[in-house]
Amino acid sequence: MPATIARTAGRTLFGENARAYAAFRPDYPDRIFEILETRCRVGEGKSVFEIGPGTGLATVPLLAMGCRVTAVEPDARLAAFLVDSQNAHADRLNVQTVTFEEAIMPAASFDLGIAATSLHWIEPGQALAKAFHLLRPGGHWAMWWNIFGDPDEADAFHQCTHALFERLQKSPSHGDGPKGHFGLDRKHRIADLEQAGFESIIAEEVRWRPVLNKQQILGLTATFSPVARLPKIERQAFLDRIGAIVDEEFGGRVMRHFMTAIYTARRP
């Protein structure tokens, strides 16, 4: 069975081409930010910390809501991209180029903490204990994952390409639970939150069905950690094979079955 990529690899794996990551990773569904507004009470003037913002897929909507965001990003290239792309919000965005484990932030000073498709890259128990410590009493926590395949309703493209991906190393997002993804292992994710001291835990799954062209499929696939880690020649050969499947089996356009799993909780 292929090995699992070390969690520490996530600190430097995604910054080689930040612009491509920003271009091809899809936005989070609107429902995620509705939950943050209604359940987590996020909005104008709220103080938020974010673990592993990458290019800002979650950061940008939070800034648009009027939040003050402290984003902790260990990859200097991604951190620089985020700072440059959000220069208009420089007064409300503080980017720390450091791991979350090493980040220094004042205790009990944030209204909300988030980890958007990032918590699997660090030890969850340690991260959640620190997140709890950073939140004000009554503050909220939200963690979610975009999952590029629905285990309850696999799409035709997944069925055609599954064997190719199975030969690659596994991302830490690949879970041991019944649905095969870290974010969908509801039993253990809720147990992690309870162990850290959180209450009012709610889990929700959001399903969405984008239609992607060949360029979008290849661009997204290239951002997946098992593909990004391949040597350049092997990576290109893998992407060429995926592209051929898109052309030959789907006529250049593919409907995918994606989902987003979100967990929200509250510090008492």
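A search of the whole structure finds zero disulfides, a disulfide being a pair of cysteine sulfur atoms within 2.5 Å. Select Cys40 to see this: Cys40 is in no disulfide, and the nearest cysteine sulfur, that of Cys67, is 11 Å away. Cys40 is buried, with a relative accessible area of 4%, whereas Cys160 is partly exposed at 38%. Here buried means under 20% relative accessible area, exposed over 50%, and partly exposed in between, with a 1.4 Å probe and protein chains only.

The model is predicted, so local features need pLDDT of at least 70 and side-chain atom pairs count only at pLDDT 80 or more, while totals for chains, interfaces and linings use all residues. Residues are numbered from 1 along each chain as its sequence is written, and side-chain values use heavy atoms, with hydrogens and water left out.

**The sheet**

Next, display the strands. Seven of them form an open sheet in the order β3-β2-β1-β4-β5-β9-β6, with mixed pairing. β3 and β6 stand at the edges, each with a single partner strand, so one side of each has no neighbour in the sheet. From one strand to the next, the twist averages 15°; axes are lines fitted to C-alpha atoms, for helices over the stretch in contact, and angles run from 0 to 180 degrees between N-to-C directions. Helices (H or I, at least four residues) and strands (E, at least two) are DSSP runs, numbered from the N terminus, and two strands pair if DSSP finds at least two bridges between them.

Val69 stands opposite Leu93 in β3, and Val72 has Gln96 in β3 as its bridge partner.

Move to Arg266 in strand β9 (residues 258-266), a partly exposed residue at 31% relative accessibility. Leaving aside neighbours within four places in sequence, Arg266 is in contact (heavy atoms within 4.5 Å) with Gly138, Gly139, His140, Phe198, Glu199 and Ser200. Ser200 lies in strand β6 (residues 199-208) and has a positive phi of about 50° although it is not a glycine. Most residues other than glycine have a negative phi. Ala108, in the loop between β3 (93-96) and β4 (110-116), also has a positive phi, near 50°.

Finally, show the charged side chains. The structure holds 17 salt bridges, each a side-chain nitrogen of Lys or Arg within 4 Å of a carboxyl oxygen of Asp or Glu. Glu204 and Arg39 meet in one of them (3.0 Å, N to O). This pair links distant parts of the chain: Glu204 is in strand β6 and Arg39 in the loop between α2 (30-38) and β1 (47-51), 165 residues apart.

Asp152 forms a salt bridge with Arg207, the closest N and O atoms being 2.8 Å apart. Asp152 lies in the loop between β5 (135-147) and α6 (156-166) and Arg207 in strand β6, so the pair ties together parts 55 residues apart in sequence. Select Glu205 and Lys179 for another salt bridge, with closest N and O atoms 3.9 Å apart. Glu205 lies in strand β6 and Lys179 in the loop between α6 and α7 (186-196), so this pair ties together parts 26 residues apart in sequence. Salt bridges that share partners join Asp150, Asp152, Glu153, Lys179, Arg186, Glu205, Arg207 and Arg209 into one network.
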